[in-house]
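Work through the exercises below with the structure in view. Try each task before reading its solution.

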Amino acid sequence: MLHKRVNKILKQIKRILVNNAYYNMLIISGPSGAGKSTLTKVLQAEIPNFYFSISTTTRKPRENEIHGREYYFSTKEAFKEGISKGEFLEYEEVHDNFYGTSIKPIEKAIQEDKFILFDVDVRGHNSIKKYYPLAKSVFITPKNLHVLQDRLCKRGTDSDEVIQKRLFNAKEELKYANTFDYLLINDNMTNSKKAILHIAKSLMFANHETKIQALLAQYAL
């Protein structure tokens, strides 16, 4: 019994050490309609050894969305059970639905030394930064609320009531923009694509102690 408890504690310590050292990850956040999905697809196409953290949600799938591609779609009952079992790195209730990030796929991606991308809300960003302090983050937003409203209306997936709720939440989310490492004002998609790629690639070539130690091991005679 004592042996099992010691092993469990050692695994927890190892997890903390790995989490504190891992840096090859980027958190994207911003209001709905800011262009996050488009920029995420750019990174998926251009960054090698890439892992996109797929969130679990209780909202209904939109047209052309596929389970396991855009989201893992779940019931509220199953989601709450996952919360009670500690299966989520972070979770929030947004627009009357739950969204969360499962822990196990992230740990697997870290073991495989993948570039990890998160697309979460501002509260999810804060939770992930506590768990992975070396992760970098980008807040993406259009230049003003009128542009955002126009994009949401043209998307044609939400009712007027939902759009107004998203606009209200966008103003609240903007208050936390200063907690991010980068601010990307997406008023030109071509420029925004170049900017997000530049940020991601700078992380891949960043000089960290863990990378230096691995290189020294390769040079050892």
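**Exercise 1. Find which residues Ala34 touches beyond its sequence neighbours, and decide whether Ala34 is buried or exposed.**

Step 1. Set aside residues up to four places away in sequence; Ala34 then touches Ile140, Thr141, Pro142, Leu148, Arg151 and Asn186. The model used here is a predicted one.

Step 2. Locate Ala34. It is found in the loop between strand S1 (25-29) and helix H2 (36-46).

Step 3. Check accessibility. Ala34 has 0% relative accessibility, so it counts as buried.

**Exercise 2. Examine Asn186 from its own side: state its place, its burial and its contacts.**

Step 1. Asn186 sits in the loop between strand S9 (182-185) and helix H8 (189-204).

Step 2. Its relative accessibility is 2%, so Asn186 counts as buried.

Step 3. Neighbours within four places in sequence are again left out. The contacts of Asn186 include Ala34 and Gly35. Ile140, Thr141, Pro142, Arg151 and Ser192 are in contact with Asn186 too.

**Exercise 3. Describe how helix H6 (residues 145-155) packs with helix H7 (residues 160-174).**

Step 1. Two packed helices are described by the angle and the distance between their axes.

Step 2. For H6 and H7 the angle is about 145°, and the axes are 10 Å apart. The crossing is right-handed.

Step 3. List the residues that meet. H6 brings Leu145, Leu148, Gln149, Leu152, Cys153 and Arg155. H7 brings Ile163, Gln164, Arg166, Leu167, Ala170 and Lys171.

Step 4. Sort them by class. The contact has seven nonpolar, two polar and three charged residues.

**Exercise 4. Step back: how many helices and strands are there, and what share of residues is buried?**

Step 1. The protein has nine helices and nine strands.

Step 2. Buried residues make up 40% of the 221 residues.

Note on methods: Residues numbered from 1 in each chain as written. Predicted model: local features only at pLDDT ≥ 70, side-chain atom pairs only at ≥ 80, totals over all residues. Heavy atoms only, no water. Axes fitted to C-alpha atoms, helices over the stretch in contact; angles between N-to-C directions. Helix = DSSP H or I, 4+ residues; strand = E, 2+ residues; numbered from the N terminus. Left-handed = near helix turned anticlockwise from the far one by under 90°. Contact = heavy atoms within 4.5 Å. Nonpolar A, V, L, I, M, F, W, Y, C, P; charged D, E, K, R; others polar. Buried < 20%, exposed > 50% of the residue type's maximum accessible area, 1.4 Å probe, protein only.
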